[in-house]
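Please keep the sequence and the model in view while reading.

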Amino acid sequence: MNTKLIDNAALDAPDALEQDDALLFREGDSDGVARPSQGATYEDLIIDRWRSAVRFGGADADSRRREHLIYAAIKQGGAVAALAYIALRPTGWVEWSAFAVFYVLNILGMSIGYHRYFTHKAFDTSLPMRYALGILAQCGVYGSLKRWCADHRRHHAYSDRPGDIHSPYVDDYGRKLEGRAGLKHSHLGWAYGDAMTNMDLYGKGIVGDPVIEWCHRTRWVWFGVSAVVAPGLWGLAFGGPQAVLGTIMVAGFLRLALALHAIAAVNSFGHRYGYQNFKDMDEARNNWFLGYVTLGEGWHNNHHAHPRGYSTQTRWYEIDMSGWIVLAMEKLGLVWNVQRADMQARPHKH
């Protein structure tokens, strides 16, 4: 058995990047790259390139953690308050019609905005439409558009392997996860960790893009608009002043929380439970329930097989409302160069 000690100086080189399988790594180096403790052996570590994709700790990780804690306090706390409100006060068509409309817009902002356009470039569009899609995306309050796009690129590059940002099978350090611990990490736990996507690798074309940067800077404005202003105006317009608070509770806070968990479940349950039309790639699954409540995002195996396609549908019952909306926008001349992947073709193995 080879028990040669690892030379940490050699591991500083870009061609010798390491994965932690059993040991704790040093953190806080000036470049943010985690490195193994002195004296580790080759039996303790698996050398791999995925660590070039990740930066550990630092101001960016602290900023993301604070941001998501604020989201949780307002959205999840607000959702609990909303449930109490619903139990104690009557609600009607005004509140629930607003919930339905804003939920659909919420999911479409994620699916068409964050995902299919800004990350995968499933179509081209004009500058005004880029701003419109960016605003709609940030109104979903899934975090910074800039970070999300880079994170999702990394997710595809390392899907369910060390380096994946939110897999139920590996944590931030590439250690195996199982059961509820894996689901917790992949659902929302990753947002509170120290692993940040290396923007030098995955931020090309994102960092410096004027629309994405503007959306990133103004994201808190759109949070307020989505959570309070738009639902409040809906309640005022259709139910009068007495409907404003209830509409904010139901169509603001409760809607944001449920839409968040619907999309987060694609990362967690969508990599554990469901069926695969395309096998021998990664663990992404098509899940009936998620496919419908996320308006097509839950056909996750199809998407991983053909990530640039405008649609995730391969079978008649895999309804993809987001794809239909893209086609409607194409018919109206709002988007063009729509990417039509051959959804029956076998993808290359990752």
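Which residues does Asn286 touch, not counting residues up to four places away in sequence? In this predicted model, Asn286 touches Tyr273, Gly274, Tyr275, Asn277, Gly298, Trp299, His300, Asn301, Asn302 and Glu318 once those sequence neighbours are set aside.

**Asn286 and its setting**

- Asn286 is located in the loop that runs between α10 and α11, the latter spanning 288-293.
- With a relative accessibility of 0%, Asn286 falls under the 20% cut-off and therefore counts as buried.
- Of the residues that Asn286 touches, which include Asn302, Asn302 also makes a polar contact of 3.0 Å, side chain to side chain, with Asn286.

**The chain as a whole**

- The protein chain contains 13 helices and eight strands, and buried residues make up 55% of its 350 residues.
- Among contacts in the protein chain with a separation of 6 or more, 71% are accounted for by residues 24 or more positions apart.

**Helix packing: α9 with α10**

- Two packed helices are described by the angle between their axes and the distance between the axes.
- For helix α9 (residues 219-239) and helix α10 (residues 244-267), the axes come within 8 Å and cross at roughly 145°, and the crossing in which α9 passes α10 is right-handed.
- On the α9 side, the contact is made by Phe223, Ser226, Ala227, Val228, Pro231, Gly232, Trp234, Gly235 and Leu236, while α10 contributes Val244, Thr247, Ile248, Ala251, Gly252, Phe253, Arg255 and Leu256.
- Sorted by class, the contact of α9 with α10 comprises eleven nonpolar, five polar and one charged residues.

**Helix packing: α3 with α4**

- The axes of helix α3 (residues 93-119) and helix α4 (residues 127-139) come within 7 Å and cross at roughly 125°, which means that α3 counts as oblique to α4.
- The crossing in which α3 passes α4 is left-handed.
- In α3, the residues Leu105, Leu108, Gly109, Ile112, Gly113, Tyr114, Tyr117 and Phe118 meet Arg130, Leu133, Gly134, Leu136, Ala137 and Gln138 in α4, and the residues of this contact of α3 with α4 divide into nine nonpolar, four polar and one charged.

**Ser167 in a loop**

- Ser167 is found in the loop between α5 (145-157) and α6 (179-187), where its relative accessibility of 0% is why Ser167 counts as buried.
- Not counting residues up to four places away in sequence, Ser167 touches Asp160, Leu177, Gly182, His185 and Ser186.
- The side chain of Ser167 is joined to the side chain of Asp160 by a polar contact of 2.7 Å, and a polar atom of the Ser167 side chain lies 3.0 Å from the backbone nitrogen of Tyr169.

- His152 lies in helix α5 and, because its relative accessibility is 5%, counts as buried.
- Leaving aside neighbours within four places in sequence, His152 is in contact with His115, Thr119, His120 and His303, and a polar contact of 3.0 Å joins the side chains of His152 and His156.
- The C-alpha atoms of His152 and Tyr202 are separated by 9.0 Å, although these residues are 50 residues apart along the chain.
- Arg217 lies in helix α8 (residues 210-217) and counts as exposed because its relative accessibility is 57%.
- The C-alpha atoms of Arg217 and Ser144, 73 residues apart along the chain, are separated by 8.6 Å.

**Residues with a positive phi**

- Most residues other than glycine have a negative phi.
- Lys121, a residue other than glycine, has a positive phi near 50°; Lys121 is found in the loop between α3 and β6 (124-125), and a relative accessible area of 30% makes Lys121 partly exposed.
- Asn337 is not a glycine either, and its phi is positive at about 50°; Asn337 is found in the segment after β8 (335-336), and its relative accessible area of 46% makes Asn337 partly exposed.

Key: Residues are numbered from 1 along each chain as its sequence is written. This is a predicted model: local features need pLDDT of at least 70, side-chain atom pairs count only at pLDDT 80 or more; totals for chains, interfaces and linings use all residues. Side-chain values use heavy atoms; hydrogens and water are left out. Helices (H or I, at least four residues) and strands (E, at least two) are DSSP runs, numbered from the N terminus. Buried means under 20% relative accessible area, exposed over 50%, partly exposed in between (1.4 Å probe, protein chains only). A polar contact is a pair of N or O atoms within 3.5 Å; within protein, one must be able to donate a hydrogen and the other to accept it, and residues adjacent in sequence count only if both atoms are side-chain atoms. Contact means heavy atoms within 4.5 Å. Axes are lines fitted to C-alpha atoms, for helices over the stretch in contact, and angles run from 0 to 180 degrees between N-to-C directions. A crossing is left-handed if the near helix is turned anticlockwise from the far one by less than a right angle, and right-handed if clockwise. Ala, Val, Leu, Ile, Met, Phe, Trp, Tyr, Cys and Pro count as nonpolar, Asp, Glu, Lys and Arg as charged, and the others, Gly among them, as polar. Angles under 35 degrees count as roughly parallel, over 145 as roughly antiparallel, 65 to 115 as roughly perpendicular and the rest as oblique.
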